[in-house]
Amino acid sequence: MWSWIKIPIELYKSKFTIIDMKNEKILHADDSFIARDGFKSLIEAYGSEDEHELIGQAASKEEVEQLIEEGLQPTVAFIDNKMPHEGDGEKAAQIIRKLSPETIIISLSADTDVTFGDHNLTKKMAGQELIDFITSIKH
């Protein structure tokens, strides 16, 4: 069984060079309330030192589109692959790339073969590991 909070570091598939980054403005999209609430708690508990901020959450690709169209400007977007259907995450990523091309997309999935993001993570990471990953993103 996969735990959505644990992401093995060796599964990172990154198009970006890694350096220390602070003050990330984060959008998280997942159809699971428990996942969204847990992600929010992780950012609040571990991300304040690096001044990371969760600025938006969405439960569907339609909500992602609405937030971006209303002017939300995330620097990083964590997008679940299934919201609630397979491929909805990839569609949400396409919307973000079109409306906010500077936003880095992180795909989240229980499957290791999901690769629609600029970084692609499985849902298996401890809280501090997630914050360390966020802090390591280069723009």
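In which helix does D132 lie? D132 lies in helix α4, which covers residues 127-136. The model described here is predicted.

**The chain as a whole**
- The chain contains four helices and five strands.
- Along the sequence, these elements follow the pattern β-α-β-α-β-α-β-β-α.
- The chain has 139 residues, and 47% of them count as buried.
- Among contacts in the chain with a separation of 6 or more, 73% are between residues 24 or more positions apart.
- The accessible surface of the chain is about 7,100 Å², and carbon and sulfur atoms account for 50% of this surface.

**Helices α1 and α4**
- Helix α1 spans residues 33-46 and packs with α4 at an angle of about 75°, the two axes being 10 Å apart.
- Angles of 65 to 115 degrees count as roughly perpendicular, so α1 and α4 are roughly perpendicular to each other.
- On the α1 side, the contact is made by F39, L42, I43 and Y46.
- On the α4 side, the contact is made by G127, Q128, L130, I131 and I134.
- The residues of this contact comprise seven nonpolar, two polar and no charged.

**Residue D132**
- D132 has a relative accessible area of 44%.
- In sequence, D132 and G47 are 85 residues apart. In space, the C-alpha to C-alpha distance between D132 and G47 is 8.9 Å.

Notes:
Residues are numbered from 1 along each chain as its sequence is written. This is a predicted model: local features need pLDDT of at least 70, side-chain atom pairs count only at pLDDT 80 or more; totals for chains, interfaces and linings use all residues. Side-chain values use heavy atoms; hydrogens and water are left out. Helices (H or I, at least four residues) and strands (E, at least two) are DSSP runs, numbered from the N terminus. Buried means under 20% relative accessible area, exposed over 50%, partly exposed in between (1.4 Å probe, protein chains only). Contact means heavy atoms within 4.5 Å. Accessible areas come from the Shrake-Rupley method with a 1.4 Å probe; for residues, only the protein chains shown count as cover. Axes are lines fitted to C-alpha atoms, for helices over the stretch in contact, and angles run from 0 to 180 degrees between N-to-C directions. Angles under 35 degrees count as roughly parallel, over 145 as roughly antiparallel, 65 to 115 as roughly perpendicular and the rest as oblique. Ala, Val, Leu, Ile, Met, Phe, Trp, Tyr, Cys and Pro count as nonpolar, Asp, Glu, Lys and Arg as charged, and the others, Gly among them, as polar.
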